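Student: I would like to learn how to read a structure feature by feature. Can we work through one together?

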Amino acid sequence: MSKEKIKISEDLYDIMPSDYQDLVRSATYGKEDRGWKDIGTSKELIEQHSLCAGCPESMAFRYILASLPNPEDTVMVGSTGCTSLVFPMVAVHNIHSLFGNQNAIASGLKRALSVRFPNRTKDVVVLAGDGATVDIGLDMTLQAWFRQEKFTTICFDNELYANTGGQESGLMQKGFVAKMAPVGKLFDKVRLPEIARESGCHYVVQCTVSKPSVIEKVIRNAVLVAREIGPTYLQLYTPCILEIGKNSMEGLQEMRDSEKPTERFAYKEYMSEPAKQLLAEMAAKDKERKAAAKQLAGQA
Ligand SMILES: Cc1ncc(C[n+]2csc(CCOP(=O)(O)OP(=O)(O)O)c2C)c(N)n1
Ligand code: SF4
Ligand SMILES: [Mg+2]
């Protein structure tokens, strides 16, 4: 594990923005117990990113990037939308795909990486909006799950097409009126977590990004299960504060309100039997490793 893969060429170092130099210098590559607690002393996302001030997608990006178990051997696949504008500013390899095609691209990428690097573990993680995942890309999303492709799909669910000004999406809640959808949504929110489970995903979680510790846990679980068993899916509520008329300080409260047990983003988790077994084995090994490290530190 090393930072080699994101190192800036010496010839170009002095002309790279200082922010970018900082991104490379402070990324927590190579750290075994990396996680959200590193945020503050580490850097995974340039501060001058392209999202609106206070957009919960930026928190979500930070928590996810800090929690990837193996960032130096991870490739993220993005799709058009507010999320895609952020990818040039992160310290993880990534590729952009045509809107909606992200799970097809990720399928080919994952297979190609296994052939090219047979002796290395390479993780692939898709990160796309609800429009890309559920509407225009639904066919590609489902087919990747049916084929049991071994990568994680993350949907930033802001319940509309934010980047193009607020059109209706399948994940929009019933009755919601958006700037470019004046009639109001006529149907309930599509139950994609349930569809994911029924389409072969081995680990599925729906939650908000209000708690970094929760995001760290679900990201690690989703990536490790995808690596060993098969497709996994995370649906994260990242409200578009611009569209729902909140100011930059109000995104967190919006998520807290929406994750109450009776609300539409109450925490929901599903694991297949093989996934349960794998995660239990991994937790036991992790406990052993930490106990051994503690003992060693005590002897020193
Ligand atoms: C093939 C194609 N179709 C349509 C568009 C226009 N387009 C760009 S972003 C977007 C909506 C994105 O919505 P979502 O996936 O929910 O992401 P968000 O912006 O909400 O994060 C659309 C329709 C495009 N760029 N390419
Ligand atoms: S338009 Fe909405 S989702 Fe996009 S960056 Fe702004 S607040 Fe975030
Ligand atoms: Mg969206």
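Student: Is Glu149 buried or exposed?

Tutor: Keep in mind that this is a predicted model. For burial, look at the relative accessible area; under 20% counts as buried. Glu149 has 4%, so it is buried.

Student: Which side chain does Glu149 meet in a salt bridge?

Tutor: Look for a Lys or Arg nitrogen within 4 Å of a carboxyl oxygen. Here the partner of Glu149 is Arg111, at 2.9 Å from N to O. The pair links distant parts of the chain, 38 residues apart. Glu149 sits in the loop between α5 (138-146) and β4 (152-157), and Arg111 belongs to helix α3 (residues 102-116).

Student: How many salt bridges does the model have?

Tutor: The count is 25. One network links Asp19, Asp22, Arg25, Lys43 and Glu47. Within it, take Lys43 and Glu47: their side chains meet at 2.9 Å, N to O.

Student: How exposed are Lys43 and Glu47?

Tutor: Read each end of a salt bridge separately. Lys43 has a relative accessible area of 8% and is buried. Glu47, with 44%, is partly exposed.

Student: What is the N to O distance between Asp257 and Lys260?

Tutor: It is 3.6 Å, and these side chains form a salt bridge. Asp257 is partly exposed, at 30% relative accessibility. Lys260 is also partly exposed, with a relative accessible area of 43%.

Student: On to the metal. Which residues coordinate the magnesium ion (ligand 3)?

Tutor: Start from the donor atoms, then trace them back to the sequence. Asp130 gives OD, Asn158 gives OD1 and Leu160 gives its O atom. The distances run from 2.0 to 2.2 Å. Water is not among the atoms, so a site may look incomplete. Along the chain, the donors of the ion follow the spacing D-x27-N-x1-L.

Student: Are Asn158 and Leu160 buried or exposed?

Tutor: Asn158 is buried, with a relative accessible area of 10%. Leu160 is buried as well, at 4%.

Student: What surrounds ligand 1?

Tutor: List the neighbours, then pick out the polar contacts. There are 15 residues around ligand 1, and the closest are Asp130, Gly131, Ala132, Ala162 and Asn163.

Student: How far are polar backbone atoms of Cys82, Leu160 and Asn163 from an oxygen atom of ligand 1?

Tutor: For Cys82 the distance is 3.0 Å. For Leu160 it is 3.1 Å. For Asn163 it is 2.9 Å.

Student: What does Phe61 touch?

Tutor: Leave out residues up to four places away in sequence. Phe61 then touches Leu45, Thr83, Val86, Phe87, Val90, Leu127 and Phe156.

Notes
Residues numbered from 1 in each chain as written. Chains lettered and ligands numbered in written order. Predicted model: local features only at pLDDT ≥ 70, side-chain atom pairs only at ≥ 80, totals over all residues. Heavy atoms only, no water. Buried < 20%, exposed > 50% of the residue type's maximum accessible area, 1.4 Å probe, protein only. Helix = DSSP H or I, 4+ residues; strand = E, 2+ residues; numbered from the N terminus. Donors = N, O, S within 2.8 Å, 3.2 Å for Na, K, Ca; no water. Contact = heavy atoms within 4.5 Å. Near = heavy atom within 4 Å. Polar contact = N/O pair within 3.5 Å; in protein donor to acceptor, adjacent residues only side chain to side chain.
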